[in-house]
Amino acid sequence: MSVELLLAQDAAEVAEIAAAALAEVVQAKPDAVVGFATGGTPLATYRRLTELSMAGELDASNVRPTALDEYLGVPGDDPRSFRAYLRRHVLDPLRVHEDRGVLLDGAAADPIAECERFERGLTALGGVDVQLVGIGRNGHLAFNEPWAAAAGRTHVRALAKTTRDDNAGDFPGDPVPALALTQGLGTILEARTILLVATGDGKAGAVAAALDGPIDLACPASQLQRHPRVRVVLDPEAASGLSRRGRGAGIPSAW
Ligand code: F6R
């Protein structure tokens, strides 16, 4: 298995380690192409990156940003869009210019053409240097729900019920969109390095299936086992379903 596992003491330390790993990439390559995940888990990592930036220890202003996914039908200026999330938590605090990278437009008139434009954009950027990802309770990666194609490219995807339930808080009073644009598993696996963060016991089953189980389309995140450079940072609760074998990866050297 090509996965490096880091067991943090708690969720705060997960953020500390993940932010340090991202900062390391940016310090080595200031115009790195960085893929930012949305969701609750990476928020603490983004807060830590912002602290580093404000302390003058990180200059991310030349980073070329990209995204994993976007709700279909939700425009970027809607605060519930992932673009708005990224502006709020990443791009504005870190002074990253979104035009230097490529994001997905959930309101594009032709969603399939938008997915193709995004793929071309990633190619034009020269690929993703580091992709931060979370994991769904059902093992989804970005919005690749169970049984998504292992080599899939950016596409339109129907969201699983668990995903819509988990994201209901972002759409108070409204239904969560049924469809999203998402990088495919094939697209995600082309990132040169992948950093997975997971916290809380709600993720324990998905983490165990992803890292301990077979590479299986039932758990999209298990495809990470095929990637040569994945670092996984977990708190004790998220790691609680791992067997000794799964935990055996140990503490890696610097990335
Ligand atoms: C977000 C994304 C999703 C989340 C996953 C976990 O861009 O693609 O796959 O990473 O749903 O979300 P949280 O962190 O809210 O538990």
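**Notebook: a helix pair, a serine, the cysteines**

I found α2 and α3 roughly parallel to each other (angles under 35 degrees count as roughly parallel, over 145 as roughly antiparallel, 65 to 115 as roughly perpendicular, the rest as oblique). This is a predicted model: local features need pLDDT of at least 70, side-chain atom pairs 80 or more, while totals for chains, interfaces and linings use all residues. Numbering starts from 1 along each chain as its sequence is written, and side-chain values use heavy atoms, without hydrogens and water.

I looked up the axes of α2 (residues 43-54) and α3 (residues 82-94): they come within 9 Å and cross at roughly 20°. Axes are lines fitted to C-alpha atoms over the stretch in contact, with angles from 0 to 180 degrees between N-to-C directions. Helices are DSSP runs of H or I with at least four residues, strands are E runs of at least two, and both are numbered from the N terminus.

I then listed the contact (heavy atoms within 4.5 Å). From α2 come L43, Y46, L49, T50 and S53; from α3 come Y85, H89, V90, P93 and L94.

Next I checked S222. I place S222 in the loop between α7 (204-211) and β9 (230-234). S222 is buried at 0% relative accessible area (buried is under 20%, exposed over 50%, partly exposed in between, with a 1.4 Å probe and protein chains only). Beyond neighbours within four places in sequence, S222 contacts A209, A210, P214, I215 and D216.

Last, the cysteines. I searched the whole structure and got zero disulfides (cysteine sulfur atoms within 2.5 Å). C115 is buried at 3% relative accessibility. C219 is buried at 8%.
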